[in-house]
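Hi,

Here is the structure I said I would pass on. Have a look at it first, and my notes follow below.

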Amino acid sequence: MMNLKQLVLASHNAGKLKELQAMLGESVQLRSIGEFSSVEPEETGLSFVENAILKARNAARISGLPALADDSGLAVDFLGGAPGIYSARYADGQGDAANNAKLLDALKDVPEAERGAQFVCVLALVRHADDPLPILCEGLWHGRILTAASGEHGFGYDPLFWVPERNLSSAELTPADKNRISHRARAMDLLRQRLGLK
Ligand SMILES: O=P(O)(O)OP(=O)(O)OP(=O)(O)OC[C@H]1O[C@@H](n2cnc3c(O)ncnc32)[C@H](O)[C@@H]1O
Ligand SMILES: [Mg+2]
């Protein structure tokens, strides 16, 4: 098994780092790729899997360490799965608030029954930059898009994502609760199993 004492997280997203570190606990220390480079690789893949592998390889190459990447996003049924892999870039790189405003606008007048959506998370772990066998784990989280933002926790689209099992928005969940049930939690659960960490 690879030595996971030193693992680099191939992400420039502080929200992801916080959640993934909380899920992994103290047995694995995640170092952010931001410590090594501020250049973000272009996410040229057409799928979450391709982008996750691309980011993991890039981080392993830059850091010389095993690398974990998270490619995630929101797939909205009414929009045919958009913004999907383009979730971070939905409002052309203007950030979370603009992304959320654009999504609310795209779903203006869409009734509740047609506002289904899922968060998707793909985790990719590579032992080194050219690893021919990346470990891939996927997690989905089903919910619905609210008609207005609610809640202060989390990041990204959390204030717009209604969680049926809690009857709260994802941004109204405590961080600990989100980390038990989210798309990222499901993917991480599978990863821990694959690594024999549970
Ligand atoms: O690529 P890295 O550097 O990891 O950081 P990123 O923020 O660009 O991450 P992605 O390319 O994977 O894009 C993910 C998008 O999906 C959103 N997203 C993913 N997980 C989320 C979560 O748990 N809650 C809210 N939004 C989430 C997030 O806000 C981004 O807009
Ligand atoms: Mg990204």
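I'll start with the core. The largest nonpolar core has 41 residues, and A10, A56, A67, L68, L123 and A124 are the ones that touch the most other members. Several elements each supply at least two residues of this core: the strands β1 (6–9), β3, β4 (116–126), β5 (135–145) and β6 (161–163), together with the helices α2 (48–63) and α5 (183–194). The largest share comes from β4, which puts in nine residues. As background, nonpolar side chains tend to be buried together in soluble globular proteins.

Leaving out neighbours within four places in sequence, A67 is in contact with V8, A10, A56, A59, A60 and V126.

Before going further, please keep in mind that this is a predicted model.

Now the overall layout. The protein chain has five helices and seven strands, and from the N terminus on they run β-α-β-α-β-α-β-β-β-β-α-α. The radius of gyration is 17 Å, close to the 16 Å that the globule rule gives for 198 residues, so the chain is as compact as a globular protein of that length. Along the principal axes, the C-alpha atoms fill a box of roughly 50 × 35 × 25 Å. Of the 198 residues, 37% count as buried. As for contacts between residues at least 6 apart in sequence, 58% of them join residues at least 24 apart.

Which residues come nearest to ligand 1? Of the 23 residues around ligand 1, they are S11, N13, S87, A88 and G156. By class, the shell has five nonpolar, ten polar and eight charged residues. Two elements, β3 (67–76) and α3 (96–106), each supply at least two residues of that shell. The biggest contributor is β3, with five residues. Note that β3 turns up in the core as well, as one of the elements that supply at least two residues there.

N99, N100 and L103 are buried. Seen down the helix axis, the buried residues of α3 fall within an arc of 95 degrees, so they line one face of the helix. That buried set packs against β5. On the other side of α3, A97 and D105 are exposed.

Most residues other than glycine have a negative phi, and most peptide bonds are trans. Here are the exceptions I'd look at:

- The peptide bond from A82 to P83 is cis, with omega near -5 degrees. P83 lies in the loop between β3 and α3.
- D109 is not a glycine, yet has a positive phi of about 70 degrees.
- N167 sits in the loop between β6 and β7. With 8 other C-beta atoms within 10 Å, N167 is exposed.

Two more residues are worth a look while you have the viewer open. F78 is in the loop between β3 and α3, the loop that also holds P83. Is F78 buried, exposed or partly exposed? F78 is partly exposed, with 15 other C-beta atoms within 10 Å. Not counting residues up to four places away in sequence, F78 touches L107, V110, E114 and R115. F78 and L4 are 74 residues apart in sequence, and their C-alpha atoms are 41 Å apart in space.

The other one is L168, in strand β7 (residues 168–169). L168 is partly exposed too, with 17 other C-beta atoms within 10 Å. Beyond residues up to four places away in sequence, L168 touches V163 and L173.

Cheers

Notes. Residues are numbered from 1 along each chain as its sequence is written. Chains are lettered from A and ligands numbered from 1 in the order in which they are written. This is a predicted model: local features need pLDDT of at least 70, side-chain atom pairs count only at pLDDT 80 or more; totals for chains, interfaces and linings use all residues. A residue is near a molecule or strand if its C-beta atom, placed from the backbone, lies within 6 Å of it. Helices (H or I, at least four residues) and strands (E, at least two) are DSSP runs, numbered from the N terminus. Ala, Val, Leu, Ile, Met, Phe, Trp, Tyr, Cys and Pro count as nonpolar, Asp, Glu, Lys and Arg as charged, and the others, Gly among them, as polar. A residue is buried if 20 or more other C-beta atoms lie within 10 Å of its own, exposed if 12 or fewer, and partly exposed in between; C-beta atoms are placed from the backbone. Two residues are in contact if their C-beta atoms, placed from the backbone, lie within 7 Å. A nonpolar core is a set of buried Ala, Val, Leu, Ile, Met, Phe, Trp, Tyr and Cys residues joined through C-beta atoms within 7 Å. The arc is that of the directions from the helix axis to the C-beta atoms. The radius of gyration is taken over C-alpha atoms; the globule rule is 2.2 Å times the number of residues to the power 0.38.
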